[in-house]
Amino acid sequence: RRAIGAAFRAVILGAPASGKGTVSSRIVKSFDVTHVSSGDILRRHIMQKTELGLEVSKYLSKGDLVPDETMIVLIGKEVESLDKKNWLLDGFPRTVAQAERLQQLYPVNIVINLVVPHDVILKRVEGRWVHLPSGRVYNIGFNEPKVSGKDDVTGEPLVQRPDDKREVVERRLNDYAKNTEPVIEYYRKTGILSDFHGSTTDEMWPSIKDYVAKFTS
Ligand code: G5P
Ligand code: MG
């Protein structure tokens, strides 16, 4: 993994199933960066039935956003614990209020925005399988698990996300347009956002990799 120069403070944006988790795992493989996925953290809490998990499960199952304050506290603690490490946030911020708070507490200097066509997204969610404890994600026909229904690393069962049901995905996409597209504009105005267009991760990855490499020492 390549080392990175001073403070890599990145955010990856993109609609549900645009490939944020998939691209992040490639970045982590190539560079010295820690991936923080708000959705993965929330799903782990739900799986472990923690107090937070019990509080947030109603939002995730409906495809609604968790309240800003809860998310800011959760991700704020996570980022604080990473101290001087390089980090890449995935799934946070999702509202302008979250973005503003993050900018006050831990200013971001790189934003990667994935732009994937709507019809591609709807197809992907149907084939998505996840390993909840690690957040590893698979898709039928793309990055399939070696053994059907089992995680490659642990052999534990894979599950489909309750919020990947068609009607819930529609809600998540609407939410994205309403709450998160303004976040794209918020970062675009500051000049730190770059768009990456494509219908497959393989097609987008070389330019994302080159872009991240520009920040390496
Ligand atoms: P999440 O978990 O942040 P989303 O909706 O932002 O959820 P999601 O669904 O996790 O994002 P992704 O990470 O962008 O999608 O995409 P992915 O998992 O990498 O890829 C999608 C699928 O496509 C996978 O199966 C992958 O294998 C496949 N794939 C990738 N590339 C290709 C390709 O080239 N070809 C093919 N065929 N397949 C491919 O948030 C979940 C919920 O948590 C709450 C909300 O309730 C939210 O709905 N939440 C928050 N609420 C408030 N504020 C926040 N900050 C919150 N964060 C989370
Ligand atoms: Mg994800």
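Asparagine 143 lies in the loop between β6 and α7 of this predicted model. Helices (H or I, at least four residues) and strands (E, at least two) are DSSP runs, numbered from the N terminus. Asparagine 143 is not a glycine, yet has a positive phi of about 50 degrees. The residue counts as partly exposed because its relative accessible area is 43%. Buried means under 20% relative accessible area, exposed over 50%, and partly exposed in between, with a 1.4 Å probe and protein chains only.

Lysine 49 also has a positive phi of about 50 degrees without being a glycine. Lysine 49 is found in the loop between α2 and α3 (51–62). This lysine is exposed, because its relative accessible area is 62%. A further backbone feature is the cis peptide bond that joins phenylalanine 92 and proline 93, with omega about -5 degrees. Proline 93 sits in the loop between β3 (87–90) and α5 (96–105).

The model is predicted: local features need pLDDT of at least 70, side-chain atom pairs count only at pLDDT 80 or more, and totals for chains, interfaces and linings use all residues. Side-chain values use heavy atoms, with hydrogens and water left out; residues are numbered from 1 along each chain as its sequence is written, while chains are lettered from A and ligands numbered from 1 in the order in which they are written.

Ligand 1 is surrounded by 32 residues. A residue is near a molecule if one of its heavy atoms lies within 4 Å of it. The closest are Thr22, Asp64, Asn139, Arg172 and Thr201. The shell divides into 12 nonpolar, 11 polar and 9 charged residues. Here Ala, Val, Leu, Ile, Met, Phe, Trp, Tyr, Cys and Pro count as nonpolar, Asp, Glu, Lys and Arg as charged, and the others, Gly among them, as polar.

Nitrogen atoms of ligand 1 make several polar contacts, defined as pairs of N or O atoms within 3.5 Å; within protein, one must be able to donate a hydrogen and the other to accept it, and residues adjacent in sequence count only if both atoms are side-chain atoms. A polar backbone atom of valine 66 is 3.0 Å from a ligand nitrogen. For a polar backbone atom of glycine 91, the distance to a ligand nitrogen is 2.9 Å. Threonine 201 places a polar side-chain atom 2.6 Å from a nitrogen of ligand 1. Taken alone, ligand 1 exposes 1,100 Å², and the protein buries 94% of that. These areas come from the Shrake-Rupley method with a 1.4 Å probe; for residues, only the protein chains shown count as cover. The elements that give two or more residues to the shell are α1 (20–30), α2 (38–47) and β6 (136–139). Helix α2 gives the most, with 4 residues.

Arginine 171 lies in helix α7. Its relative accessibility is 42%, so arginine 171 counts as partly exposed. Not counting residues up to four places away in sequence, arginine 171 touches Lys62 and Asp64; contact means heavy atoms within 4.5 Å. Its side chain reaches the backbone oxygen of lysine 62 at 3.1 Å.

The largest nonpolar core has 56 residues. Such a core is a set of buried Ala, Val, Leu, Ile, Met, Phe, Trp, Tyr and Cys residues joined through side-chain atoms within 4.5 Å. Those with the most contacts inside the core are Leu13, Ile27, Ile75, Leu89, Ile112, Tyr187 and Ile208. Helix α7 (residues 166–190) supplies the largest share, 7 residues. Leucine 89 touches Ala10, Val11, Ile12, Val36, Ile75, Val79 and Leu102, not counting residues up to four places away in sequence.
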